[in-house]
Amino acid sequence: IEVAGTRVHSTAEMTQVEDTLAKIATSMGAEAPALMRVRGKMDLYRGNVVPAIQTLTKALNLMDPNDTGRYETIYLLARGYAQTQQTGEARQRLQQIVDKLPNYFEARLQLAQLLISENNVKEAKPHVDVLAKLRPDDPAVILLVLRTLDPVNDKAQIDAQYAKLPEKVRQ
């Protein structure tokens with residue numbers, strides 16, 4: 001998990017973050033949307049998805065529409081919905097992000113993956129095309145591109161995309 005630009009790896013580091021958040025809550029108030037976003041993010045990281053959704057929803061409702069953390073909060077909320085198989089909610093949130101921020105790579109990637117997992121390749125294709133322009137050599141994008149190609153009619157494209165994959169991903 002990343003908190004305030006710092007990658008948190010261990011349980012001990014997570015405890016330190018919680019202690020710091022408790023101190024911040026004392027000065028900012030426990031209902032501060034930025035603080036709630038971090039708490040929701042930590043809950044997602046720990047696998048406490050339902051409490052994360054609740055916290056992130058509350059944070060989003062309290063946020064100013066121009067808050068710079070708004071779209072990260074929506075993204076985290078979409079991830080929570082996807083993890084609880086609420087794909088309609090996840091899709092709606094992710095679409096909201098890419099409509100407003102077309103180059104938000106992670107949101108568009110998750111939206112394309114979600115659509116493909118629902119066998120909605122036609123709707124996913126425009127998102128995959130944008131991702132391929134943003135990061136043409138990203139293995140996750142290449143795998144999505146491969147899933148949108150027709151195995152009969154697109155053999156040359158499939159071979160070209162497959163060749164771009166790192167060796168360990170090909171297997």
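Modeller: Let us begin with contacts, where contact means heavy atoms within 4.5 Å. In this predicted model, residues 24 or more positions apart account for 43% of the contacts in the chain with a separation of 6 or more. Residues are numbered from 1 along each chain as its sequence is written, and side-chain values use heavy atoms, with hydrogens and water left out. Because the model is predicted, local features need pLDDT of at least 70 and side-chain atom pairs count only at pLDDT 80 or more, whereas totals for chains, interfaces and linings use all residues.

Biologist: What pattern does the chain follow along the sequence?

Modeller: Helices (H or I, at least four residues) and strands (E, at least two) are DSSP runs, numbered from the N terminus. Here there are 10 helices and two strands, in the order β-β-α-α-α-α-α-α-α-α-α-α. Of the 171 residues, 40% count as buried, where buried means under 20% relative accessible area, exposed over 50% and partly exposed in between, with a 1.4 Å probe and protein chains only.

Biologist: How should I read the packing of two helices, and at what angle do α4 and α5 pack?

Modeller: Axes are lines fitted to C-alpha atoms, for helices over the stretch in contact, and angles run from 0 to 180 degrees between N-to-C directions. Angles under 35 degrees count as roughly parallel, over 145 as roughly antiparallel, 65 to 115 as roughly perpendicular and the rest as oblique. Helix α4 (residues 70-83) packs against helix α5 (residues 87-100) at about 155 degrees, with the axes 7 Å apart, and the two are therefore roughly antiparallel. In the contact, residues of α4 including Y71, I74 and Y81 meet residues of α5, among them A90, R93 and I97. By class, this contact has 10 nonpolar, two polar and three charged residues, with Ala, Val, Leu, Ile, Met, Phe, Trp, Tyr, Cys and Pro counted as nonpolar, Asp, Glu, Lys and Arg as charged, and the others, Gly among them, as polar.

Biologist: How do α2 and α3 cross?

Modeller: The axes of helix α2 (residues 33-46) and helix α3 (residues 49-62) come within 8 Å and cross at roughly 160 degrees. That makes α2 roughly antiparallel to α3. By class, their contact has nine nonpolar, two polar and five charged residues.

Biologist: What should I make of backbone angles, and where does Q85 lie?

Modeller: Most residues other than glycine have a negative phi. Q85, in the loop between α4 and α5, has a positive phi near 65 degrees, and Q85 is exposed, with a relative accessible area of 63%. N119, in the loop between α6 (105-117) and α7 (121-134), also has a positive phi, of about 60 degrees, and N119 is exposed at 68%.

Biologist: Which residues are buried in α8, and what covers them?

Modeller: In helix α8 (residues 139-148), the buried residues are V141, I142, L144, V145, L146 and T148, and what covers them includes α6, α7 and α9 (155-164). At the start of α8, a side-chain oxygen of D138 reaches to within 2.8 Å of the backbone nitrogen of A140.

How values were computed: Polar contact = N/O pair within 3.5 Å; in protein donor to acceptor, adjacent residues only side chain to side chain.
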